[in-house]
Amino acid sequence: MENRELWAALDIDLEKHDDFLAPLPGAFTSLFLERANRPQAMAYFDRVVGDIHGIRVKELVDLKEKGKKVFATFCVYVPEEIIAATGSASIGLCAGAQYTIPAGEKVLPRNLCPLIKSAMGFKLERICPYFQVSDWVIGETTCDGKKKAWEILNDYIPTYVMELPQKKLVQDIILWEQEIREFASFIERETKVQLTQDNLAEGIAKINKKRAALKRLASLRQAKPAPIHGLDVLLINQLAFFDDPERFAHQVNLLCDELEERVARQEGVAAPDAPRILITGTPQPIPFWKIHALIEQAGGVVVGEETCTGERYYRDLTEPAAEAGDMLRNIAKRPLNVNCACFTPNSGRIQDIIAMTENLQADGVIDFTLQFCQPYGVDSYTVAKELDKREIPHLKLESDFSEEDQGQLKTRIDAFLEMLK
């Protein structure tokens, strides 16, 4: 089946879809393909992006024809292991483009996080094939905007909502474990596959391999000079939510093999004295590459991301267990180590930022917040206070998915990097 035939079968609005995709090849070429000294193993990830609405979508359609389900997610708290255990697919959703925000604002307030508005617009406009191929969206209560948006989204696609606690006390851990067990029962009902000791072990192993590959990639960014551009790693982290997990892990490990050789030769993509930047804050969904691009075009190199499209997603693995009940308990335990800004108090996030700054030999921190993202916007005060205490240079940026503020952002980033030099 050709792509256009596939999209038509999924009820994609072909005209709007064409309009949305039209500028992406040019932007991807200038931001990624024209860069010098990129690792050869990036060719795989370039191919995935080049046909991002084709190859993987066809695989998901084929999966559904075999009786499996597709569950779409927005958040790192959704337990992929349980979905994988049933042979079904967990897939990310389109949510990082300005193009669909006007449509999202037809049902959502303008002063709402652009990620939520963009995602909603992709569904309303029928542009995202991952939305169209999905049987369910799995939402979560990480912020008030999402929590209420799920009610509206449920009018357009069945939406299951997981209640994430806002603290990490004993009663919160009990609540979340119960949510995981209820989610497991929901997945069993929808897929008609019973979760067992064997298939849960397989699901955990499959997702652990993906996260372990990303951890290996992150550790190689500690090297000086940096063996890979941060923009390339951001792309890989974004694709982790879309690609087949086993194939993805294999390709990331092939890339790491190449990077290890670079590190041994002390070969880098930037000068050894290029300012090394850690980015913290809100996630940066595909195709939002603006902040990384501006930093690296200005002569810096991004060496880490304390974000959900970064270390929060892959830092911790799910511990194995002998019994299915203990496996579900461990699946519940892992996400509560993730220090999202939705938690209060949130000292663990500060500790993560400081530790990553030291481990990655970062010269400075850029705290990035999507416009109207209240949890991360408010958290920025504490982040800045703690970085000041330790005399770690930092810059706070706020933006959306548009290109209108590129000049202003460039000026501020240029000045910050010049100060670091």
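In this report, contact means heavy atoms within 4.5 Å. Helices (H or I, at least four residues) and strands (E, at least two) are DSSP runs, numbered from the N terminus.

The structure is a predicted model, in which local features need pLDDT of at least 70 and side-chain atom pairs count only at pLDDT 80 or more, while totals for chains, interfaces and linings use all residues. Residues are numbered from 1 along each chain as its sequence is written, and side-chain values use heavy atoms, with hydrogens and water left out.

## Helix pairs

Two packed helices are described by the angle between their axes and the distance between the axes. Axes are lines fitted to C-alpha atoms, for helices over the stretch in contact, and angles run from 0 to 180 degrees between N-to-C directions. Angles under 35 degrees count as roughly parallel, over 145 as roughly antiparallel, 65 to 115 as roughly perpendicular and the rest as oblique.

| Helix pair | Axis distance | Axis angle |
|---|---|---|
| Helix 18 (residues 347–359) and helix 19 (residues 374–389) | within 10 Å | roughly 55 degrees |
| Helix 15 and helix 20 (residues 406–420) | within 9 Å | roughly 50 degrees |
| Helix 8 (residues 114–124) and helix 10 (residues 144–153) | 11 Å | about 10 degrees |

Helix 18 and helix 19 are oblique to each other, and their crossing is right-handed. A crossing is left-handed if the near helix is turned anticlockwise from the far one by less than a right angle, and right-handed if clockwise. On the side of helix 18, the contact is formed by Arg349, Ile350, Ile353 and Ile354, which meet Tyr376, Asp379, Thr382, Val383, Glu386 and Leu387 of helix 19. By class, this contact of helix 18 with helix 19 comprises six nonpolar, one polar and three charged residues.

Helix 15 contributes Lys290, Ile291, Leu294 and Ile295 to the contact, and helix 20 contributes Gln406, Leu409, Lys410, Ile413 and Leu417. The contact of helix 15 with helix 20 divides into six nonpolar, one polar and two charged residues.

Helix 8 and helix 10, by their angle, are roughly parallel to each other. Ile116, Met120 and Lys123 of helix 8 make the contact with Gly145, Lys146, Ala149, Ile152 and Leu153 of helix 10. Five nonpolar, one polar and two charged residues make up the contact of helix 8 with helix 10.

## Buried positions

Buried means under 20% relative accessible area, exposed over 50%, and partly exposed in between (1.4 Å probe, protein chains only). In helix 3 (residues 24–33), the buried residues are Phe28, Leu31 and Phe32. Seen down the axis of helix 3, these residues fall within an arc of 80 degrees, so they line one face of the helix; the arc is that of the directions from the helix axis to the C-beta atoms. They pack against helix 4 (42–50), helix 13 (230–239) and helix 15 (290–297).

Thr73 belongs to strand 1 (residues 70–73) and is buried, at 9% relative accessibility. Leaving aside residues up to four places away in sequence, Thr73 touches Val78, Ser90, Ile91, Gly92, Leu93 and Ile138.

Val338 is situated in the loop between helix 17 (324–333) and helix 18 and is buried, with a relative accessible area of 3%. With residues up to four places away in sequence again not counted, Val338 touches Val76, Tyr77, Lys168, Arg312 and Phe343.

## Backbone features in loops

Two cis peptide bonds may be noted here. One runs from Lys224 to Pro225, with omega near 0 degrees; Pro225 lies in the loop between helix 12 (197–220) and helix 13. The other joins Ile286 and Pro287, with omega about 5 degrees, and Pro287 is in the loop between strand 5 (276–281) and helix 15.

Asp11 is not a glycine, yet has a positive phi of about 65 degrees. Asp11 is located in the loop between helix 1 (3–9) and helix 2 (14–21) and is partly exposed, at 43% relative accessibility. Phe372, also a residue other than glycine, has a positive phi near 70 degrees. Phe372 sits in the loop between strand 7 (364–370) and helix 19 and counts as partly exposed at 39% relative accessibility.

Definitions and conventions
Nonpolar A, V, L, I, M, F, W, Y, C, P; charged D, E, K, R; others polar.
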